[in-house]
Amino acid sequence: MSGRTSEQILQDALLREVYRVAKIGTWEVSSEDELIWSDETHDLFGVDRSDFGGTIEEFHRIVHPEDVERVRRVADFSDTLNTHFNSEYRIVRPDGALRHMRQTAIVLRDARGNPLGFSGVVQDVSEQVETEAQLRQAQKMEAIGQLSGGVAHDFNNILAAIMSAAELLQMEDDYDPDLVESIINSAKRGGELTNRLLSFARKQPLRKTCVDAVPLIRGMAPMLDRLIGPDITLDLALSDQVWRLEADPAPLQEALLNLVVNARDAIDSAGKITLSCRNASVPGPMGDCRDYVEINVIDTGSGMSEEVRQQARDPFFTTKPVGQGSGLGLSMVDGYVRQSGGQIHIHSGLGKGTRVALLLPRSEHTAPDPAPRRTRANQGNGERVLVIEDNVDLARLIQRQLSSLNYRPTLAANRRDALQAAAQAGGFDIVLSDILLANGERGPAVVEELLALYPDMKTVFMTGFASDDQTTPHAFGEPKVVLSKPFKIEELAKALR
Ligand SMILES: Nc1ncnc2c1ncn2[C@@H]1O[C@H](COP(=O)(O)OP(=O)(O)O)[C@@H](O)[C@H]1O
Ligand SMILES: [Mg+2]
């Protein structure tokens with residue numbers, strides 16, 4: 001009889017359960033170099049008690065060959081240490097599974113300080129390692145996106161300058177047409193690449209609507225057919241009863257185009273590309289089923305080795321010669337599909353062709369979304385609006401908003417521009433003016449000058465200062481409509497009405 005109380009037995013059982021859930025095992029090395037594993041450690045290493053002879057060599061045989069040397073060295077070195085020591089290594093279990101282990105060990109010593117052996121815990125941290133790797137990948141993509149977005153933007157401006165210089169050259173009497181043409185063509189190609197970079201870095205939210213994939217694909221078919229040339233056949237295998245899906249159709253078309261171009265590039269001379277579409281219910285992580293529409297792009301091309309397949313979605317990964325591949329196609333498709341709440345699967349093997357499957361979530365709506373409409377009550381009627389705003393970016397934005405609200409905007413940055421624009425246009429229906437302008441000019445004063453010339457003009461003021469008495473336009477006669485910046489398009493629409 002061990003004399004253990006039922007409470008101790010219960011605590012033991014509890015501890016075991018904690019170990020099991022946390023995937024922690026314990027182990028010990030005696031002074032005779034015998035290795036003793038707890039039940040949990042046996043489970044973690046995938047080795048039955050009956051198959052284990054208790055030698056350190058057996059343990060080393062399970063450690064990943066690339067990590068064995070390190071594990072050995074840590075153990076040798078730790079003899080001399082007084083504290084605990086940590087190490088991480090991979091194991092290949094007898095069943096072939098690769099796992100990441102984190103181990104903490106302490107040196108056991110007798111009263112004189114002579115080492116008696118080791119004891120420690122080992123934990124399976126494969127999930128954490130995996131999550132960290134995913135996080136790192138996400139951060140890498142984010143950084144590349146930001147970087148390429150910034151570079152692409154500046155680069156486009158430079159390319160535009162090169163283009164226009166080359167075009168000016170063409171007007172000279174004495175120039176080499178081949179040289180100039182190659183400058184222009186290179187600049188154009190550079191422009192296409194930077195535009196791909198820009199759309200890769202695109203952060204704007206998707207405009208998801210309810211999409212019928214089958215007509216969308218049918219609509220693209222003639223264009224795709226031309227793209228792949230006469231030696232490659234385009235096959236459509238579209239089921240009739242496909243659910244509607246939830247996606248932004250413009251990038252979806254771009255994605256399909258990218259996949260078809262990849263398929264074309266993989267086909268050496270002649271071959272076939274099949275676009276298929278069907279419903280798919282996929283088990284989710286909680287055991288529930290999710291409904292997707294699966295769009296496949298299948299080709300009879302060269303296929304990919306496993307190594308290429310795994311990297312294919314990495315930004316800038318390409319196996320194509322310089323000038324032909326940007327390596328951004330699949331990473332854009334991947335980003336788009338994820339952002340849409342979908343999945344992408346690449347099935348391929350060398351010499352076996354490729355199937356790329358896009359799974360996009362089924363839409364809950366039964367009918368396609370109606371075209372977005374703005375309440376007609378707040379729309380303009382082609383009225384001419386003079387916008388007096390010294391911030392160029394903001395002025396452009398307001399200009400766009402006004403156009404979309406069916407007004408005709410004209411921009412002016414200061415008093416002189418405003419008076420000149422009004423004189424040219426013979427007055428405006430509405431003036432929308434900032435209150436504080438650059439160089440100490442004041443919107444209300446400018447508006448008063450304009451009103452003296454065109455008394456029928458309606459006025460709306462905008463201000464970045466919510467309640468500054470000094471700048472409220474009440475001081476200039478009757479109260480006017482004041483918009484405080486930043487404002488939404490609906491607020492602008494209402495103020496103008
Ligand atoms: N359908 C396909 N068949 C064979 N290989 C493919 C296919 N699609 C993509 N790949 C491989 O993946 C790489 C990356 O593709 P992608 O991101 O579109 O960039 P790019 O087409 O510019 O090389 C390609 O260079 C190619 O090696
Ligand atoms: Mg590509």
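Helix H5 (residues 126–169) supplies the largest share of the nonpolar patch, 6 residues. Helices here are DSSP runs (H or I) of at least four residues, strands (E) of at least two, numbered from the N terminus. The model is predicted; local features need pLDDT of at least 70, side-chain atom pairs count only at pLDDT 80 or more, and totals for chains, interfaces and linings use all residues. Residues are numbered from 1 along each chain as its sequence is written, and side-chain values use heavy atoms, without hydrogens and water.

The surface patch consists of Leu147, Val151, Phe155, Ile158, Ile162, Leu169 and Ile183, with about 600 Å² of accessible area together (Shrake-Rupley method, 1.4 Å probe, only the protein chains shown as cover). Patch residues have over 30% relative accessible area and no salt bridge, with nonpolar side chains joined within 5 Å. A salt bridge puts a side-chain nitrogen of Lys or Arg within 4 Å of a carboxyl oxygen of Asp or Glu. Ile183 lies in helix H6 (residues 177–201). Its relative accessibility is 35%, so Ile183 counts as partly exposed (between 20% and 50%).

An open sheet holds 5 strands in the order E2-E1-E5-E4-E3, with antiparallel pairing (at least two DSSP bridges between two strands). Strands E2 (35–37) and E3 (85–92) stand at the edges; each has a single partner strand, so one side of each lacks a neighbour in the sheet. Neighbouring strands are turned by 25° against each other on average, direction ignored. E3 and strand E4 (residues 98–109) run antiparallel, joined by 8 bridges. Tyr89 stands opposite Met101 in E4.

H5 packs on this sheet, touching E4 and strand E5 (115–124) (heavy atoms within 4.5 Å). The direction of H5 makes about 125° with that of E4 (axes fitted to C-alpha atoms, for helices over the stretch in contact; angles from 0 to 180 degrees between N-to-C directions).

Key: Chains lettered and ligands numbered in written order. Patch = residues over 30% accessible without salt bridge, like charges linked within 9 Å, V, L, I, M, F, W, Y side chains within 5 Å. Buried < 20%, exposed > 50% of the residue type's maximum accessible area, 1.4 Å probe, protein only.
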